[in-house]
Amino acid sequence: MNKKAYIFTGYLGSGKTTSMVKSIEEFFKDKKVLVIVNEFGEVGIDGKVLSAELQGQGVVELNEGCICCVLYDELNKVLSDIQSKYDFDYLFIETSGLSEPFPIYSALVSLGYDVESVICLIDSLNYEKYKDDDVFKYQIGSANIIVLNKIDLVEQSKIESIKNEIFSLKEKYNLKNFLTGEYLIPKYELITTTYGFIPEYVFTEIDLPISRDVSATKDDHSHKDYVKNVDYYPNDALSYDQFIKIIKKFPKNLIRSKGILKFKDVDVPLLFNYTYGNYTFEEFPQEVDKGILVSIFLNELKMVSCKS
Ligand SMILES: Nc1nc2c(ncn2[C@@H]2O[C@H](COP(=O)(O)OP(=O)(O)OP(=O)(O)O)[C@@H](O)[C@H]2O)c(=O)[nH]1
Ligand SMILES: [Mg+2]
């Protein structure tokens, strides 16, 4: 039997990690799962979150670039290596928020995986801010499961208008056979949800209808529109209030930041998540040697052309 794979795609901070953890915990608890997580920044936070949340399952990290382009060769190597190194039946891949999923799909197919679904998460609250980004359009175009996430943060009328926009984006950007013009993904589902919850039928009844006759191709898009940065904070160097002051001074072009930090006045390490100005802290269940904060900025030039 071929190994089955799921690809989780979606723009920065849309809820990929949350959704993948929830799906694995809910529906794959007794199955042998391996997770590959890819991050744009040079240090991975998601790998640490996934390892802490999914104890007993393998987690492989690929950081410092996107697996659709810069790390494409590395992805192919890892996909071959894991076959002998890990015992698994299901492979879950979280792409970086700036990756296009189709090259990853084609690499998996050419290595004999059955890709069951390409799942694209969308952040309903911040959708307007990135809907014009080409990467986002291709993420929608390559997915057979589109998950409109974070609907708790927007009005019902907004959800309906985003849905309508997604239907037209999907029609426009749906992958096509260059020769025949036929859609490669003729059927797709649009799910509205919170915290990335995906209903069980997606994993039990849906099989990606896309053609298997694809050749593996690397994407050559550039990431000149984004700048990444890593900050380290010695444990106990900062108090919680001092860090809040730092957040208040984050520049406007900082679109995504996340980290695991240990404050001098808080007993446990905290996982920090910041997306377009909104932020949360959660308890992180493992000790850390030092605090790490990974941030992604929109290039100033891109800001000028950005409508929001
Ligand atoms: N309010 C709300 N917050 C959510 C929801 N889904 C996810 N989040 C929060 O959004 C933040 C980002 O979620 P992640 O799962 O890390 O997003 P991601 O797509 O993996 O982010 P990157 O890997 O950095 O691109 C976290 O703080 C989540 O708890 C939701 O439905 N509602
Ligand atoms: Mg993530």
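Predicted model: local features only at pLDDT ≥ 70, side-chain atom pairs only at ≥ 80, totals over all residues.

Biologist: Which residues touch the most other members of the largest nonpolar core?
Modeller: Ile 7, Phe 92, Ile 104, Ile 119, Cys 120, Ile 146 and Val 147, out of 77 residues in that core. A nonpolar core here is a set of buried Ala, Val, Leu, Ile, Met, Phe, Trp, Tyr and Cys residues joined through C-beta atoms within 7 Å. Buried means 20 or more other C-beta atoms within 10 Å of its own, exposed means 12 or fewer, and partly exposed is in between, with C-beta atoms placed from the backbone.

Biologist: Where does the core lie relative to the domains?
Modeller: Between them, because domain 1 (4-204) and domain 2 (226-305) both give residues to this core. The bounds come from an automatic or database domain assignment.

Biologist: How many Å separate the domain centres?
Modeller: 24 Å, taken over C-alpha atoms. The contact takes 14 residues from domain 1 and 17 residues from domain 2.

Biologist: Which helix gives the largest share on the domain 1 side?
Modeller: Helix 2 (residues 46-53), with three residues. Helices (H or I, at least four residues) and strands (E, at least two) are DSSP runs, numbered from the N terminus. By class, that side of domain 1 has seven nonpolar, three polar and four charged residues. Nonpolar covers Ala, Val, Leu, Ile, Met, Phe, Trp, Tyr, Cys and Pro; charged is Asp, Glu, Lys and Arg; the others, Gly among them, are polar.

Biologist: Now the ligand. Which residues come nearest to ligand 1?
Modeller: Lys 16, Thr 17, Thr 18, Gly 97 and Asn 273, of the 23 residues around ligand 1. Being near takes a C-beta atom, placed from the backbone, within 6 Å. Helix 1 (16-27), strand 9 (254-261) and strand 10 (270-275) are the elements that give two or more residues. Helix 1 has the largest share, three residues.

Biologist: You mentioned strand 10. How many bridges join it to strand 11?
Modeller: Six, and the two run antiparallel. Pairing needs at least two DSSP bridges. Thr 275 stands opposite Asn 278 in strand 11. The two strands form a hairpin with two residues between them, and Tyr 276 in the turn has a positive phi of about 45 degrees.

Biologist: Is strand 11 (residues 278-283) buried or in the open?
Modeller: Largely in the open, because the number buried is zero of its six residues.

Biologist: What about phi at Glu 64?
Modeller: Near 65 degrees, positive in a residue other than glycine. Glu 64 is in the loop between strand 3 (58-62) and helix 3 (72-85). Glu 64 has 17 other C-beta atoms within 10 Å, so it is partly exposed.

Technical notes:
Residues numbered from 1 in each chain as written. Chains lettered and ligands numbered in written order. Contact = placed C-beta atoms within 7 Å.
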